[in-house]
Amino acid sequence: MKSLNLTTQRQAVYDVLRESHDHPTAAEIMNRLVEKGYNLAYGTVYNSLRYLTDKQLIRELKLGESASRYDARTDEHQHIICEVCGKVDEVMTEVPKDWADTVASETSYVIHHAHVVFGGVCPECQTKRKK
């Protein structure tokens, strides 16, 4: 079992992430902490995110944006990003094993995991476009 040192600040950051379903950035996490009455320095929030990521309690998502997003779900899943508004949703469909095998064969890599990021237009933005 991993040795954990969840300080009050780390616990607060972790709690905000577990309550979030929109894969927030560090700045968004900071705003939510302020709304809850916490007054943490940006450095503390970033250090807490790094610690939680290193301990595999959360996932850091680098989705081609300038800022990383964070996810409290650590089970195997993929993501889809709206190319209009930037919303990030979870995709629970597994990466097909034969696809991973083909990638391994093509690249000679030993594949440990896959993270696929889809791009498209979310239902809300599709509706706005039709108006």
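Reply: E124 is partly exposed, with 43% relative accessibility, where the class covers values between buried (under 20% relative accessible area) and exposed (over 50%), using a 1.4 Å probe and protein chains only. This is a predicted model, in which local features need pLDDT of at least 70, side-chain atom pairs count only at pLDDT 80 or more, and totals for chains, interfaces and linings use all residues. Residues are numbered from 1 along each chain as its sequence is written, and side-chain values use heavy atoms, leaving out hydrogens and water.

E124 pairs with K87 in a salt bridge, N to O 3.6 Å; the term means a side-chain nitrogen of Lys or Arg within 4 Å of a carboxyl oxygen of Asp or Glu. The two belong to distant parts of the chain, 37 residues apart: E124 sits in helix 5 (residues 123-130), K87 in the loop between strand 3 (78-82) and strand 4 (88-91). Helices (H or I, at least four residues) and strands (E, at least two) are DSSP runs, numbered from the N terminus. K87 is also partly exposed, at 34%.

By this rule there are ten salt bridges. Another joins E19 and K36, with N and O 3.1 Å apart. E19 is in helix 1 and K36 in the loop between helix 2 (26-35) and helix 3, so this pair ties together parts 17 residues apart. D101 and K97 also form a salt bridge, at 3.1 Å; being four residues apart in helix 4 (residues 97-107), they are separated by about one helical turn. D101 is partly exposed at 40%, whereas K97 is exposed at 61%.
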